Amino acid sequence: MKDQLSQFGEAFRDPQLARSMVTQLKTSARTPMRIMEVCGTHTMAIFRHGIRALLPPTVTLLSGPGCPVCVTDQNDIDGFIALAQREEVIVATFGDLMRVPGTYTSLQCEKAEGADVRVVYSPMDAVQLAQEHPDRTVVFLGVGFETTTPTIAAAILTAQQLKLSNFCVYSAHKTVPQALAALMKHPQVRIDGFLLPGHVSVIIGMEAYRPFFEAHATPCAAAGFEPLDILQGLLMLARQIEAGRPALENAYPRAVTEAGNPKARAIMNQVFVACDARWRGLGEIAGSGLAIRPEFSQFDAARRFKIAVVDMPPPKGCACGEILTGIKTPPECPMFRKRCTPMDPVGPCMVSSEGTCAAYYRYSS
């Protein structure tokens with residue numbers, strides 16, 4: 001099975017096909033165009049496969065707000081840390097959040113000081129932790145887009161079935177289409193086309209982008225993460241932009257359908273409801289967050305603990321907010337590679353495995 005999967009993946013890395021698509025892209029992209037790859041996984045894949053170096057000079061790629069850790073607001077990071085400082089709480093989190101700096105400290109620093117913070121690999125691991133520690137309250141830090149939210153909803157439903165009273169979730173989830181609309185309204189942002197995120201699109205389907213597309217008529221193409229997937233998406237966008245005929249296209253049909261994954265969306269909608277949410281770099285966006293529904297309030301850490309967090313600005317001099325919106329690239333941040341490095345990060349974009357600054361640091365000279 002492993003060999004079959006490997007061969008399947010290699011089919012989307014064929015060098016001859018890649019050269020042909022690059023040639024077509026150079027022919028198609030005659031005028032300057034700014035294309036945003038929304039997803040952090042796209043950012044890493046583009047660097048890893050050397051795609052930037054193959055593009056014609058007319059194509060400028062911008063990294064977008066598709067890294068869930070990076071767009072988490074400073075207040076939410078401080079809220080996570082405040083939970084970790086409570087003696088009765090075990091905080092369960094994915095590893096990327098550990099080193100993200102809050103205003104004064106990080107989860108990693110709090111763990112070093114004795115806080116009970118544990119890295120888990122799935123929300124179900126956090127449910128198991130709650131079963132193993134009935135005298136403590138386990139709080140799972142819910143960060144992510146539509147890709148991860150269904151699994152967290154499943155964890156809450158499992159906790160309900162198990163009648164666990166010591167498990168809850170701090171929901172800082174966000175949804176992608178509303179962020180695209182916010183970018184188009186941003187006075188400093190200029191984007192000619194969006195390379196839509198593959199993972200999110202698998203869940204929400206192409207139809208979820210239709211309201212955004214009809215409102216803004218911006219070229220869009222959903223793409224997977226292999227080199228040919230990305231090149232196909234870029235080629236679709238270049239042709240749309242050159243022709244002046246915006247479209248909503250799917251360059252990832254083997255995984256993305258018009259309707260997405262109805263079962264995943266059903267479980268997500270059963271547990272979560274849309275709410276306003278604050279994004280790093282974009283501020284508050286109406287309807288772009290997911291709150292736990294009132295009928296599941298016993299699993300809502302925000303209601304349970306009523307965390308009081310003072311509204312604090314991001315770290316002084318940090319350009320993560322501008323980088324997430326495509327206003328700046330990492331080398332334009334004065335702290336990049338100097339004060340801010342993966343060993344001593346100032347902002348989340350240098351920490352996360354999907355962070356733009358981390359990608360530039362690792363792959364560019």
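Guide: Two strands are taken as paired if DSSP finds at least two bridges between them. Keep in mind that this is a predicted model.

Visitor: Fine. What stands opposite K174?

Guide: G289, in β12, stands opposite K174. Strand β7 is joined to β12 (residues 283-292) by 2 bridges, and the two run antiparallel.

Visitor: What is the strand order in that sheet?

Guide: The order is β7-β12-β11, in an open sheet of 3 strands with antiparallel pairing. The edge strands are β7 (173-174) and β11 (272-279), each pairing on one side only.

Visitor: Which helices lie across β11 and β12?

Guide: Helix α10 (residues 176-185) lies across β7, β11 and β12, at about 175° to β12. Helix α14 (residues 262-271) lies across β11 and β12, and runs at about 80° to β11.

Visitor: Changing topic: how do α8 and α9 cross?

Guide: The axes of α8 (residues 123-132) and α9 (residues 149-161) cross at roughly 25° and come within 8 Å. The crossing is right-handed.

Visitor: Why are they called roughly parallel?

Guide: Angles under 35 degrees count as roughly parallel, and the crossing angle here is roughly 25°. The helices α8 and α9 are therefore roughly parallel to each other.

Visitor: Which residues meet there?

Guide: From α8, P123, M124 and V127 meet T151, I152, A154, A155 and T158 of α9. By type, the residues of this contact are 6 nonpolar and 2 polar, with no charged ones.

Notes:
Residues numbered from 1 in each chain as written. Predicted model: local features only at pLDDT ≥ 70, side-chain atom pairs only at ≥ 80, totals over all residues. Heavy atoms only, no water. Helix = DSSP H or I, 4+ residues; strand = E, 2+ residues; numbered from the N terminus. Contact = heavy atoms within 4.5 Å. Axes fitted to C-alpha atoms, helices over the stretch in contact; angles between N-to-C directions. Parallel < 35°, antiparallel > 145°, perpendicular 65-115°, else oblique. Left-handed = near helix turned anticlockwise from the far one by under 90°. Nonpolar A, V, L, I, M, F, W, Y, C, P; charged D, E, K, R; others polar.
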